[in-house]
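Please look through the sequence and the three-dimensional structure shown here, and then read the notes that follow, which move from single loop residues to strands, sheets and domains.

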Amino acid sequence: MSDQSIAFVRHETLPPSPPPASETGIVKWMRENLFSSVTNSILTLAALYGIYSILSGSMPWILGGIWQAPSLQACREILAGDSAGCFAVLTERWHQLIFGFKYPQEAYWRPTLAFVLLIVAVAPVLFANLPRRMLILTGLYPFIGFWLIWGGTIMAPLMGLVGFIVAYMVFQRLERSSFAMGALGGLVAAIIFWTLGGYVSDAMSGFLALEQIPSRDMGGFMLNIILGTVCVSLSLPIGILLALGRQSNMPIIKIICVVFIEFIRGVPLITLLFVANVVLAYFLPPGTTFDLILRVIIMITMFSSAYIAEVIRGGLAALPRGQYEAGDSLGLDYAQSMRLIILPQALKISIPGIVNVAVGLFKDTTLVSVISMFDLVGMIRGPILASTEWNGVYWELFGFASLLFFIICYGISQYSQWLERQLATDHR
Amino acid sequence: MKKSVIIGALTVAGLAASAAVAGTMDDVKARGKLNCGVTTGLVGFAAPDANGEWQGFDVGVCRAVAAAVLGDPKAVEFVPTTGKTRFTALASGEIDMLARNTTWTFSRDVDLKFEFTGINYYDGQGFMVPKDLGVGSAKDLDGATVCIQTGTTTELNLADFFRSNNISYEPVPIETNAEAQQQYLAGACDVYTTDASGLAATRATFEDPSAHVVLPEIVSKEPLGPLVRHGDNNWGDVVRWSLNALIAAEELGVTSANIAELSAAATNNPEVNRLLGTEGNLGEMLGLDAEWAKRAIMAGGNYGELFEKNIGENTPIGLARGLNAQWKNGGLIYTPPFR
């Protein structure tokens with residue numbers, strides 16, 4: 001036996017060697033995703049060239065922009081023939097783009113505070129894991145927001161709020177005898193209270209009063225946000241009621257809902273806005289100033305609630321019939337089975353559609369610029385482009401408007417996707 | 001709370017309905033503010049500045065009327081109107097007068113039941129071409145491509161002009177003025193046609209205005225002026241003579257610089273005296289006090305001063321007086337005598 005007869009035996013295992021460079025990290029990712037075939041390689045190169053040419057064209061224009069100049073002519077003198085953006089218009093007029101040109105400058109903190117509070121108030125509605133106590137603020141917010149933005153004495157929104165509470169208490173008392181009785185009693189109590197409260201708030205018009213700002217002074221992006229928020233939050237409950245009404249077995253309610261939905265959906269929004277602005281002026285007594293924003297809110301809410309009703313009806317129709325029957329067999333009445341079984345499922349299915357309508361509605365608020373309201377687009381098309389200093393600035397202003405709208409709409413859409421993932425209970 | 005707003009609005013409506021029986025001037029005085037309809041924005045004629053103050057040539061007329069009636073040129077509630085909402089706003093009583101470079105036409109005056117109270121700007125359709133084209137007259141434009149806004153009277157005027165001169169053109173239909181500017185600069189058309197004041201304002205926004213010329217031909221009549229509703233002649237007189245006072249002031253050499261001196265005591269010129277109220281009782285006839293015209297003129301200067309400040313040759317818009325010069329200087333601006 002000699003050592004030579006023993007073959008070489010390795011005593012320890014080889015250390016694992018790293019994968020080849022072409023099969024790891026960024027190289028692998030690029031090979032698989034960008035250059036997996038000849039066609040894909042060509043497309044990748046073409047896309048890279050496209051991105052490069054867009055950026056090389058636009059970045060110098062954006063980065064070299066002028067931020068301080070009194071007018072477009074001055075901008076051009078500073079640039080001396082170079083091509084770059086004249087963002088000085090945003091520096092000089094940003095407050096008009098955000099708040100409109102008539103909202104008093106010293107009161108800008110009020111809509112800003114209202115906006116911050118809006119986020120706080122909406123948060124518990126959007127995110128279920130926040131403390132439920134925050135919902136108190138949500139309930140109070142419409143009155144606080146109104147008081148902050150429009151001003152006047154705090155008694156007016158306070159009376160409005162107390163009116164709702166009185167109506168609710170009367171409703172609770174009378175609900176035992178019948179639901180309709182309770183609703184009617186609540187309504188009557190609220191109207192009586194508001195009429196009396198109107199005198200009280202008139203008498204105490206100096207109490208905790210902010211400077212009153214008329215609706216016609218609202219403008220800019222603030223107006224878009226006011227219209228969008230109010231109309232979406234009003235049209236969602238109305239849309240649910242309309243959708244349920246359309247499925248109702250009671251013929252009158254069903255006919256009313258069908259006629260309303262079909263009529264509103266058959267008319268362009270811009271026509272409704274013209275009716276709100278122009279035609280109503282003929283029906284009302286001369287000299288009437290029935291608040292224009294209120295008129296527009298009513299019209300946009302009607303419009304979007306008809307669309308939301310149809311989206312929710314789709315969700316209701318998508319539920320299997322067994323769900324309805326399950327509700328009945330459990331002995332739930334109509335309201336209970338809707339609230340506990342049908343609507344939670346139907347609304348979950350409808351989320352993408354509802355968000356779609358909400359985003360579309362928010363962008364549609366720019367249509368009010370055609371009835372001479374100065375929302376963001378109205379401010380750009382009217383006063384700013386018509387000023388002798390800034391006539392001829394297009395890209396910078398409309399780019400800014402697109403950016404503002406994109407931020408909000410992208411946020412809404414991201415939220416809805418998150419919500420869908422949260423509510424995904426079907427283990428697909 | 002929505003309900004309380006509506007009830008409140010109806011109450012206001014009821015009060016306003018009972019007040020509407022009185023004359024417009026009493027309404028304005030009771031309100032303490034003049035509701036004046038203007039455009040949502042037109043370069044040089046009406047636009048709010050960075051501080052939200054309305055400025056412009058049409059705005060000047062509103063301020064003059066407010067100064068004459070209420071004694072304060074700032075006591076104006078400017079109601080912005082679009083081309084579509086302006087006439088309903090006036091007819092429904094939402095505004096007391098409309099100063100929104102509106103062309104005085106037969107059907108607007110007669111059929112829509114408005115009363116034009118004068119002309120503060122004589123406009124007309126013109127042509128703009130790049131200087132490189134080497135064209136000196138609109139009659140040389142045979143075969144040109146023309147950018148034109150669809151659905152306007154300018155479109156019809158253009159067709160008439162080319163047909164009567166027996167030359168041909170190729171229209172490029174455009175929706176808005178902003179789009180037209182871009183198309184014209186991009187070379188999509190050789191010629192851009194719209195109102196001459198609009199051409200001048202557009203040209204002023206170009207990077208190199210001197211590379212474009214506005215041709216001398218004016219092919220249509222567009223007399224622009226303030227208007228009021230039919231049926232309140234007293235109020236119509238106030239608006240008409242406030243505008244006339246501005247025009248007369250320029251003719252008589254009364255400016256915002258020397259008006260204090262001229263109105264301190266009666267001068268040698270009896271018409272100046274009657275205008276400024278140091279002689280006669282013209283103001284009383286209108287239902288105003290003696291110094292109404294003085295206040296109207298002091299609001300923004302006389303007609304010529306308003307013109308120079310807002311749209312004249314020293315502004316970026318750079319309009320020459322042309323037809324809008326005083327009649328003594330070969331223009332059409334002419335006021336009946338103050339007598």
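## Two loop residues with positive phi

Lys113(B) is found in the loop that joins helix H5 (106–110) to strand E6 (114–116) of chain B, where helices (H or I, at least four residues) and strands (E, at least two) are DSSP runs numbered from the N terminus. Although Lys113(B) is not a glycine, its phi is positive, at about 65°. Lys113(B) counts as partly exposed because it has 13 C-beta neighbours inside 10 Å; a residue is called buried if 20 or more other C-beta atoms lie within 10 Å of its own, exposed if 12 or fewer, and partly exposed in between, with C-beta atoms placed from the backbone.

Asn166(B) also has a positive phi, of about 60°, although it is not a glycine. This residue lies in the loop between helix H6 (153–164) and strand E10 (169–174) of chain B, and because it has 8 C-beta neighbours inside 10 Å, Asn166(B) counts as exposed.

## Basis and confidence of the model

This is a predicted model, in which local features need pLDDT of at least 70 and side-chain atom pairs count only at pLDDT 80 or more, while totals for chains, interfaces and linings use all residues. Residues are numbered from 1 along each chain as its sequence is written, and chains are lettered from A and ligands numbered from 1 in the order in which they are written.

The predictor gives the complex an ipTM of 0.74 and a pTM of 0.80. For chain B the mean pLDDT, which is the predictor's confidence in each residue from 0 to 100, is 86, and 93% of the residues of this chain reach 70 or more. Over residues 1–21 of chain B, however, the pLDDT is below 50, and this stretch has 32 contacts in the model beyond near neighbours in sequence; two residues are in contact if their C-beta atoms, placed from the backbone, lie within 7 Å.

## Two domains in chain B

Chain B is divided into domain 1 (24–122 + 223–329) and domain 2 (125–220), with bounds that come from an automatic or database domain assignment. The C-alpha centres of domain 1 and domain 2 of chain B lie 31 Å apart. Where they meet, 7 residues of domain 1 of chain B are in contact with 4 residues of domain 2 of chain B. On the side of domain 1 of chain B that touches domain 2 of chain B, the residues divide into 5 nonpolar, 2 polar and no charged; here Ala, Val, Leu, Ile, Met, Phe, Trp, Tyr, Cys and Pro count as nonpolar, Asp, Glu, Lys and Arg as charged, and the others, Gly among them, as polar.

## An open sheet and its helices

Five strands of chain B form an open sheet with mixed pairing, in the order E10-E9-E11-E8-E12, where two strands pair if DSSP finds at least two bridges between them. E10 and E12 of chain B stand at the edges with a single partner strand each, so one side of each is left without a neighbour in the sheet. From one strand to the next, the twist averages 30°.

Strand E8 (residues 125–130) of chain B is mostly covered, since 5 of its 6 residues are buried. E8(B) pairs in the antiparallel sense with strand E11 (residues 191–195) of chain B over 4 bridges, and Gln125(B) has Asp195(B) as its bridge partner in E11(B). E8(B) also pairs in the antiparallel sense with strand E12 (residues 212–214) of chain B, over 3 bridges, and there Pro130(B) has His212(B) as its bridge partner. Strand E9 (residues 144–149) of chain B and E10(B), by contrast, run parallel and are joined by 6 bridges, with Val172(B) in E10(B) as the bridge partner of Cys147(B). H6(B) lies across E8, E9, E10 and E11 of chain B and runs at about 155° to E9(B), while helix H7 (residues 177–185) of chain B lies across E9, E10 and E11 of chain B at about 160° to E9(B); axes are lines fitted to C-alpha atoms, for helices over the stretch in contact, and angles run from 0 to 180 degrees between N-to-C directions.

## A parallel pair and a loop glycine

Strand E4 (residues 76–81) of chain B is largely enclosed by the rest of the structure, because 5 of its 6 residues are buried. Strand E1 (residues 34–39) of chain B runs parallel to E4(B) and is joined to it by 6 bridges, and Val38(B) stands opposite Pro80(B) in E4(B).

Gly23(B) lies in the loop between helix H1 (2–19) and helix H2 (24–31) of chain B. Leaving aside neighbours within four places in sequence, Gly23(B) is in contact with Asp232(B), Asn234(B) and Trp235(B).
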